[in-house]
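Please have your viewer ready.

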Amino acid sequence: MFDALKVKNECVAWIRDFFAKNGPDCNAVIGISGGKDSSIAAALCVEALGKDRVIGVLMPRGEQHDIDKAYLLVDHLGIRRYEINIAAAADALIGAMPEGLELSKQARENLPPRIRMATVYAVSQSCNGRVCNTCNLSEDWVGYSTRYGDSVGDFSPMSNLTVTEVKEIGHLLGLPAELVEKTPIDGLCGKTDEENLGFTYAELDVYIRTGEIANPETRVRIDQKHRANLFKLQLMPAFDAGIPTKA
């Protein structure tokens, strides 16, 4: 049985401890999409640090159809927010590509998340901040994040919690149900997460925690994605010259 209250309290204490060791007077800076993960991560930081030390960064690319959910979140928590439209930056970078170099579909889809992370860090370094990573275990398990985009941060409160567990904590934190239960859409190609993955988070979460899954084809699909994307969770490989250091 998952004890949401116990885990929530331990996570809040962990965030406080992180900041005590890595910036006692620093702020938590979070990219706010209006989805469950950024909403719940922000709420955890507010409980840990207080609303005056949490900053939300809203980053639409042109018009964002669900930006009202991001407004709902920052208003509900009462946190400071900055809205920075990344459309001009993304379009300028695409337009600056030299003749003969056509960006692949994947490169175009992953460019905005990488620009958003650069933006979050720019805000963080200008506001005495530490960047909160908003990934969860389910997404990380199958590599459902953009490398050097939403996959990075300075601290990660939810990377060892499944989607199911994160949502339980979200309800416990008193967030509006429409934020916690919002259908996750990747923001890259317009499809839902589960449409892209080919299985549900409910199936994935049970498999992660118990090893059980009804459909053997789904097991194969999950295992393939997990193996293929492990590199996203590991440090960059570095050549070992075998020369000792004295420091």
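The report below covers a helix pair and then some salt bridges.

This is a predicted model, in which local features need pLDDT of at least 70, side-chain atom pairs count only at pLDDT 80 or more, and totals for chains, interfaces and linings use all residues. Residues are numbered from 1 along each chain as its sequence is written, and side-chain values use heavy atoms, with hydrogens and water left out.

Let's begin with the helices. H1 (residues 4-22) packs against H2 (residues 36-49) at about 65 degrees, and their axes lie 9 Å apart. H1 is therefore roughly perpendicular to H2 (65 to 115 degrees). On the H1 side, Lys8, Asn9, Cys11, Val12, Ile15, Arg16 and Phe19 meet Leu44, Cys45, Glu47, Ala48 and Leu49 of H2 (heavy atoms within 4.5 Å). These contact residues divide into eight nonpolar, one polar and three charged.

Now for the charges. The whole structure holds eleven salt bridges (a side-chain nitrogen of Lys or Arg within 4 Å of a carboxyl oxygen of Asp or Glu). Among them are these:

| Salt bridge | Closest N and O atoms |
|---|---|
| Arg61 and Asp91 | 3.1 Å |
| Lys182 and Asp66 | 2.7 Å |

Lys182 is buried, at 19% relative accessible area, and Asp66 is buried at 13% (under 20% relative accessible area, with a 1.4 Å probe and protein chains only).

Conventions. Axes are lines fitted to C-alpha atoms, for helices over the stretch in contact, and angles run from 0 to 180 degrees between N-to-C directions. Helices (H or I, at least four residues) and strands (E, at least two) are DSSP runs, numbered from the N terminus. Angles under 35 degrees count as roughly parallel, over 145 as roughly antiparallel, 65 to 115 as roughly perpendicular and the rest as oblique. Ala, Val, Leu, Ile, Met, Phe, Trp, Tyr, Cys and Pro count as nonpolar, Asp, Glu, Lys and Arg as charged, and the others, Gly among them, as polar. Buried means under 20% relative accessible area, exposed over 50%, partly exposed in between (1.4 Å probe, protein chains only).
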